[in-house]
Every structure is written in structure tokens, then in C-alpha cells.
Amino acid sequence: MAVFDTPQEAFGILRPVCVQLTKAQTVENVEHLQAQLQAVSDAALQELQQYVLFPLRFALKTPGPKRDRLIQSVVECLTFILSSTCVREQELLQDLFSELSTCLYSPSSQKPAAASEELKLAVIRGLSTLMHSAYGDIILAFYEPSILPRLGFAVSLLLGLAEQEKSKQIKIAALQCLQVLLLQCDCQDHPKHLGELKEQQLGDLLASFLPGISTALTRIITGDFKQGHSIVVSSLKVFHKTVGFILADEQLRRIPKIQAKPAVEHRLADLMVHREADWVKSTGDKLAILIKKIIECVSVHPHWKVRLELVEFVETLLLKCSQSLVESGGPLLKALVGLVNDESPEVQAACREVLRLFADQKVVMGNRAFADLLSESLYSLATSLPRLMNTQDDQGKFSTLSLLLGYLKLLGPKINFVLNSVAHLQRLSRALIQVLELDVADVKIVEERRWNSDELSAPMKALATRPWTHVQRRHFCLFTDERVFLLLRQICQLLGYYGNLYLLVDHFMELYHESVVYRKQAAMILNELVIGAAGLDVEDIHEKCSETGPEELRGIVASILEEYTSHENWYLLTCMEAEEGEEQPGLQAITSGAHTCQVVSFPAFSKPGPTICSMNSNIWQICIQLEGIGQFAYALGKDFRLLLMSALYPVLEKAGDQTLLISQVATSTMVDICHACGYDSLQHLINQNSDYLVNGISLHLRHLALHPHTPQVLEVMLRNSDASLLPLVTDVVQDVLATLDQFYDKRATSFVSVLHALLAALAQWFPDTADTRQRQGLTGKEEESQTPAAHVTSTTAEDIERFVLGYLKEKDVAEGNVSDYDNEEEEQSVPPNTDNNDILPDVELPLPVQIQIAKDVMERCIHLLSDKNLKVRLKVLDVLSLCVVVLQSHKNQLLPLAHRAWPSLVHRLTNDDPLVVLRAFEVLRTLGGKCGDFLRSRFCKDVLPKLAGSLVTQAPISARAGPIYSHTLAFKLQLAVLQGLGPLCESLDLGEGDLNKVADACLIYLSAKQPVKLQEAARSVFLHMMKVDPDATWFLLNELYCPLKFTPPHPSLHPVQLRGAAAQQSPYAANVLCLLQQLQ
């Protein structure tokens, strides 16, 4: 706190110091005075203000050269006094202003003196403090015509310092001081509202300096980026505040046409400017050049704060000077909308706020000149858009499209006036069509096929939380950046939101029909137009007066949907499938001895030509139309349920398409429909609409030549539904089987896929509980078989006799020596289906629906097993395996069918393509597990010898082969046979002779020379054989390699000699030891 609070006390302290300073102007005396001033209160200092200022002003006025250090000390002391007091006299304010300004002026050179940087900074701060210390009325009186020369000198001095000095601190201080001099600072000391008359007088006065200020600031702003962003920010602020005040529309409207004669001398009157219309127009034209130059430089400035200040620059000039700066409106609007998608979130937020402010105040909507300017800019940009997208990099393309988006946002509902012009609409639409051109040269799109029908329901989990805005990634000819595509989508949505939807849909539908080249782009645009018309995720900065009603939007969607799903636009050629009757050249059967892979040539892809591009184009068109249906559903919400009858069936067709991309997009569309219409899942969607779907399938099956994709719909329904669907599709399944009987030579592939989906669904919907109990029983038997030693001690003679009799009987059965009595027992051993058979033995109850279907399907499969098409045979084998699984609980139906299928199955196993052999062996394993003893003799007679012979023949080849052998089809065949023989031996309960055949074929694979996977598969065979006959297995293994020497327990007994005991360093040692350890 100050020590001296009264003027009297302060005067007593300050008087000697002031007298001493007046006598001798030294730095020490000035510093002494400033030290004493620290102890004086502000109130006391205010009373002694002029007394204390006198020695300091005297020091400045003293003629002769002075050191910079002395002037700096005096100015700093003056600044301290002015910061603590107020200037209450206009004359004192003017004198101090002149005295401070001349501190940096050299009369001899008539330019700023070559002073030190410290002195320049002190003078600038002194001027700023002086202007802030003046009272409100005093500061307003200061700005009168008589002050023009002194004010102009100070302004030019500050501009020179800001432009020419190297010190960043001086530059910024000079610009801030200039802002204070022009009464445009943001402080609270200066009055904010001057009144109309004072504003007009001040504007007339400052207008004299506008040319010099604007040109000098433009040079600073457009200077080197290295000068620092803060200097550019300060310069921009001074520029737009000064111009916004002098050329404010409110002031200029009050300017009289004839200038009143000022009461000043003629020389000063010549300096005054009359802001009449001609002057405003001339100044506006000149400023337009500077503003354009500033925008070109600042809009690409690397620092975000500069771009943020540019937003305020545009806001100030457009809000305050929209009439006086008409010529600058285009560049200013372009700068603003170009920053809408700036990389800085602060700049983005400021831009959006300014755009919303412009919309609220109708800066564009209420200004015909600006609206016309925007329309012309939009037309010009649309004209040059294809060229710019061809020549610019991705960042340039992003900026260009951001500009287009900003123009549309600013126009808002005024877009309709632009779109009503045929020239504007055509130019804009053609530009969008050209920019959205897709690159369809990628052959992978055609190559990627949906080989596995399980993929139809796989994407549901992944897509459960998929946002609707996601679209399939695509490649464009003119850009690669995803942000560019996102901007294009926003542009189309904005057109749909503000524009006349009927006009836009009609126009782009004409382009859709006009050429195949435009069709994909037009469909993309139509999809986004509908989303925009629904007002979803569209940033509306205007108050839109009218919106497209739900009924109108639904009608438009229905018309687009009808066009999309029409025959010529929906069923396009997407692949070059070979004729189903043609057999691709491949590998021979396993028994033929040919085990090396041959390269299969595919004529459809051996010579890529224009057809690849056309098929890619068709695939993308279908995908875009499918995505459009999903977007339509999102736009309409639950109202889309009214269009499901026309939309769902075609989407299901494409979900079953063999082209992977189409199938994925169709499944995604189904998920979109579920989300939009309020269905819980695809299953719920299909079940709720299954009645008319089934009706459509039934009708189309009658005209299969016209509707060849009908089976795909049923396949997708089965993949994504539950058992409640079965009663509805039972009749359709019979229609499918009847149609298959009629067109088995032409449509077998598609029908077999449907049958596969049907049987897979039945196996999932109706699992066999008896099979589960049987597995649990087998597990218990396995546990018992693992502890045989516990039963050996309690074995009696009767047990041995029963075992021998049972063994002889099973041996006769295995060799086919079965009497009629035994056959009758075997037939009686099949358990009845229901308990009602005991009550009504002569009445045959109807079979369950799923059993009857499986039986009918299996009958067709038996005939199709010999089809000449490889794909059909492979698929039929899969269906046959599923039929066995479904029929396993009804032996009376399964066993006769298995008997009928056996000859064809054996042929597939022994004399067919290796791929078919692999699949047929899997079917054999399934049959063996479900039919058991029924297949034992057949397997041992028809299949086992050839399988064993093939394994023995192939063993030397695999033993000598290198690591690449594991990738061959021959290896896969060996591995599959070895992995399957063990379970077959156990499930069929093979006899000793057959087990020996299996063992002889597999023993050689226990050698360490064989591939590791084949060794593991061979060990699994013997592990299963241990469960069937552990004693024989033990003996076989020890004959191969005997790790122990058996000593007789009594001398009278002969020693046991096994052939494996003599083997030293046997290659079978490791595997045999492992098996023997598990046997014990």
C-alpha cells in the first residue's frame, strides 16, 4: 500500500526530485523519480499529475541530441504515471500524443529514427497507455479534423514498425497500439457505443487512413509464414475491425450525398474524405483485390489460429459490409465454406457457428446479390469440378468438395432457384456423375465366390451393431481418400434435404436410364437423396419451411424400388458359369494310382477381356441398389413395412447369390431392414413375412425358366429361420423335389444347394436325443475298456464259453454266412418307432414331417450320386450325409435307403475324382456311425480291400516325399483314410481278419520316415483297434517292435520269441512305444 495518500505529503516527497530532474536530465534522476512515485497513491498522484509530468515533458522537449537510454527512461516513467492516472484535458492529451510520437522521428531524415528496440517498445506502450488513460469525452474530442496530421503521423509510424521491424514483440505491440488508436480495441476503457453522430464523424476521419492501413496490413499478412502466426492474427484483426467500421453499411446509409463544409482550414479540409457512393464503390473495388489476396494466403496458412481468425474476418466483413463490399462477397464466402471441413475442430466449430448465424440473419437469403453470386460460384465450381478432380491431389479434392458443400449449406432452401435452372442442374448433376465414376477393372470381384452356403447367416453377428452409414468399400477412378466420398455423400444428402425431391429424382432417374455408364453413379446419388430428404443426420443451418411428408417420400421410394428390382436392372450377368453338364478335367480316383495335382484351366478366366469389366460393373450396380434398399428402409423406418412385399423377396434372392460381394451386401441390407422395421433378427423378419415369401416361391417354381433364382430364396429362408417355418414350406419342398425330377439335368446345382440348406436346417431343428444318450453310453464303455485288468480276475469258464460262441457268431456274420433265423433276429432287433406298434401292429403310423422330407431327399440323392457334374456330386454327398443324420432314429427308413445308396457310394469311393473320394469317405464314416453292423460285411467286402491296397501302394511315395508333399491331394486322401479307418473299425466292430487287414495297411505308417501327420493318424487307428481287440493289437505291435524281453516264470516253459525283439534301431520304435504305453 502507498505510504503517501494525501497530495500534500506526496508533494513534499516529489518536489525535490522534480526540481533535480528539471535541472539535470539524467537516467539516474528519472529512475529516482519513478522510485518515489511507487510510494504515492493513485488519488494523490492524480492531483499532482501535471506537476510531475512537467520535468519529464521538459526532458523530451530539450533541444539537442539525447541518448536512447534517457528517452526510454522518461517514456517508461510517463507510462507509469499515465497508467495510474487519467488525462482530463484535451490539450494535455494532444500534447502528450505529439511528444511521444516524435520520440521515434528524425527530422533530418524525415523517417523513423534508428532507435533501439527497447525505446521503440517503450514509446509504443506509452502511446497505448495514453489513449487508454483519457476520459470518454476527452478521447472523443481528440478525434477532430485538426488532429489528422498528428494522427496520420502516428498511424504511419506504427505501420512502419509493424512492417519493417524484425522483433516480433515490437510488431505485435505496434499492431495492438494501432488498434487502440483506431478505437477498435477490445478493452473496457473505450466506449463501445459512440452514438450515430460520433460514429459518422470518426468514420469520416479514419477513412483518410484506410488506403494506407489496408495496403500495409495486406503486405504484412501475405508475408513470409516464418514471421509467426500471432503477427498475422493481429494484422487480420486490425484489418477487419478497421474496414468493418469505416465501411459499415449502417454508417454509409446515413452519409449525405453532399458533404458539409468542415470548419477547418483549407489544407486540413483536403485531407478529409466524403464517404459518398462513388467513393464507397471505388474503395470496395480496390479492397476486393486486397481481400482476395489475403484470403488466398491465409486460407492455406499452416497454423489453425490464423485460419480461425480468418473466420472472424469473414464474419465481420459480411455482417457489417455486405452492401459496400459486394465484389468481395464471393471470395469471402468461398473462404468461409472452404473451412467448414478444416482439420482443426476449433476452426470447424467456428465455421459452423458463423454459417448458422448467417442463416439466422439471412445474410445470403436476404441479399439478392449474394444469392446470385453464390449461384454463379456454384455453377463455375460444378463446371470445373471434373477437371479439378483429375488434376488435384486428394487434399485438394477434399478442399474443392468442401467448398461445394459450403455453397449448398449457405444457399439452403435457395437451392431450388438454382436447380430450377436447367443449365445449373445439368452442370451439377454431370459433375457429380463424373466424379463418382467407379473403377471396375478389379478381377477379384468376379473371382470371389460364395462356395460355402453357411456364409449366408454368418455376417448377422458382425452386422448386429453396424451403423447404417456404412457402405461397401469401393474404388473410384478420380480419388482414393474415403473422406472425399463422405463429402460427396453429404453433398447429395443436402441436395435431397433442401432441393425439390421430385425434380431431383426425375432428373437422376433419366440419367439412370440414359446410359449404362451413368447407372451406378445415378443409383448412388438417388440413395443419398432419399436419406437427405428424410432429414437424417443432415446439419440444417436454416429453418426449413417444408419437408417431404412420409407418404410422399414412401411414394418416391416405391417408384425407385420398382426401377431397381425390374428384370433388366436386377438380373444382370455377374459371372460366366460353365454348363452344368460339362465336367472339368481333374484328378483320377484313389485306386488309379494318379496322386499328383494337375493344374485345371478355367476358360472363363484364362483370357480376361472386356467381359470382366462389364461383369464387375453389373456386380457393383446390384450392390449399390441393394445398399439403396437398406437406406430406403432406414429413411422410412417402420413405414417401410408397407413396401416389404415388393422388396424382401428380391433381397433374399441376392442373399443367396453365388457372387460373394452381392451375397454380403444383400445380407447387410436384410439387417438394415430388420433395424429399420423393428424386427429382432433375420429369423424374426423371415418368420413374420414367410407367408407371402412361400407363396412367391411356389408360384415361381411353376415357371422356373423365367425365375431361375427361386431356389436361392428358399435356401436363404432355411438358413435364417427355425422349426416354426417347416409347416409352411412343406408343400414348397415337395414342389422343389418335383421340379428337380423334371429339371435334374439343367438345374441340379441350384436345387441341390436348397436341399443341403433344408437338411442342415432339419438336423439343427430336430437333433436326435437318442444319439446323445448313445454317445454317453459309449463313453461309459470306453471307461470300462480302459480298465480290463479289473475283470480278468473274475472271469469264469462260462464267460469264456459265451465269449467264444459270440465270437464265432460275429465272425460268421462278418463273412456273410448268416442264416434266415439270424436275419429274422436282426430285423426284430430294430426297435419300433413308437409304443403304439405294440397295440396296433397292422397300422403304420405316418412319419414325422422332417423324416418324410429326409427320406424323399435321400431317394433323389441316390440317383444324383452318379451325376456327371463334379459340383453336383460333391454337394449330393454332403446332402446324403445330412440325410443319414436326420434319419438315424428311424432305422426302418434309413437302412433300406442305405442299402440302395451303397453301390453308388462304393463307386464314388473307388472310381471317381479325388475330391469326391474325400467327400464320399466322410459319408461312409457317417453311415458307419449310424448304421453299425448293417454295413460291416459290405464295407469289408467292397471298400476295405481297395482302401487298404491304396494305403499300401502310397506308403513308399509318402515316405520318400519332401515337405511340399503335405500340400498335395494325395496326402490329403491318405490322411483322411487313416483318420477315418479307426472310428470305422470301432463303430462297425470288425472281426479279427478285417482288423488284420487294417493293421497291415497302417503299420507301415508308424515308421518315423512317414510325414508326422500321417504317423499321428496311424496311431489313432491303433488306438481305436485297442478298444475293439486289445490283445491282438498288443501282439501286432510287439511283432513290429518289442521293447521288452519276456522271461519264462518257470524253467519248464519255453521262452517267448517275438519277431519285434530282434529289431534294433527300428524306425517304428517311437510310435510303438507310445501305443504300448497307452495300452497298459
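These are my notebook entries on one predicted protein model.

**Ground rules**

I number residues from 1 along each chain as its sequence is written. The model is predicted, so local features need pLDDT of at least 70, side-chain atom pairs count only at pLDDT 80 or more, totals for chains, interfaces and linings use all residues, and side-chain values use heavy atoms, with hydrogens and water left out.

**Entry 1: the whole chain**

I looked up the secondary structure. The protein chain has 54 helices and two strands. Helices (H or I, at least four residues) and strands (E, at least two) are DSSP runs, numbered from the N terminus.

Next I checked burial. Of the 1080 residues in the protein chain, 51% count as buried. Buried means under 20% relative accessible area, exposed means over 50%, and partly exposed is in between (1.4 Å probe, protein chains only).

The protein chain exposes about 50,800 Å², and carbon and sulfur atoms supply 53% of that. These areas come from the Shrake-Rupley method with a 1.4 Å probe; for residues, only the protein chains shown count as cover.

I also looked at contacts, meaning heavy atoms within 4.5 Å. Among contacts between residues at least 6 apart in sequence, 78% join residues at least 24 apart.

**Entry 2: confidence**

I looked up pLDDT, the predictor's confidence in each residue, from 0 to 100. The protein chain averages 82, and 85% of the residues score at least 70.

Where does pLDDT stay under 50? I noted residues 778-793, for which the model has two contacts beyond four places in sequence. I also noted residues 820-840, for which the model has 13 such contacts. Where pLDDT is low, the predicted coordinates should not be read in detail.

**Entry 3: helices α52 and α53**

I compared helix α52 (residues 1012-1028) with helix α53 (residues 1030-1040). Their axes come within 6 Å and cross at roughly 135°. That makes α52 oblique to α53. Axes are lines fitted to C-alpha atoms, for helices over the stretch in contact, and angles run from 0 to 180 degrees between N-to-C directions. Angles under 35 degrees count as roughly parallel, over 145 as roughly antiparallel, 65 to 115 as roughly perpendicular, and the rest as oblique.

Which residues meet here? From α52 I listed Phe-1022, Met-1025, Met-1026 and Val-1028. From α53 I listed Pro-1030, Thr-1033, Leu-1036 and Leu-1037. The residues of this contact divide into seven nonpolar, one polar and no charged. Ala, Val, Leu, Ile, Met, Phe, Trp, Tyr, Cys and Pro count as nonpolar; Asp, Glu, Lys and Arg as charged; the others, Gly among them, as polar.

**Entry 4: two positive phi values**

Most residues other than glycine have a negative phi. I found that Leu-183 has a phi near 55°. Leu-183 sits in the loop between α10 (168-181) and α11 (196-206). Leu-183 is buried, at 15% relative accessible area.

Asp-989 also has a positive phi, near 55°. Its loop runs between α50 (969-988) and α51 (992-1003). Asp-989 is partly exposed, at 32% relative accessibility.

Ser-234 lies in helix α13 (residues 229-246). Is Ser-234 buried or exposed? I found it buried, at 15% relative accessibility. Leaving out residues up to four places away in sequence, Ser-234 touches Ile-172 and Leu-175.

Ile-629 lies in helix α32 (residues 610-636). Ile-629 is buried, at 0% relative accessibility. Beyond four places in sequence, the residues that Ile-629 touches include Leu-561, Trp-570, Phe-640 and Ile-673. The C-alpha atoms of Ile-629 and Phe-640 are separated by 9.8 Å, with the two residues 11 apart along the chain.
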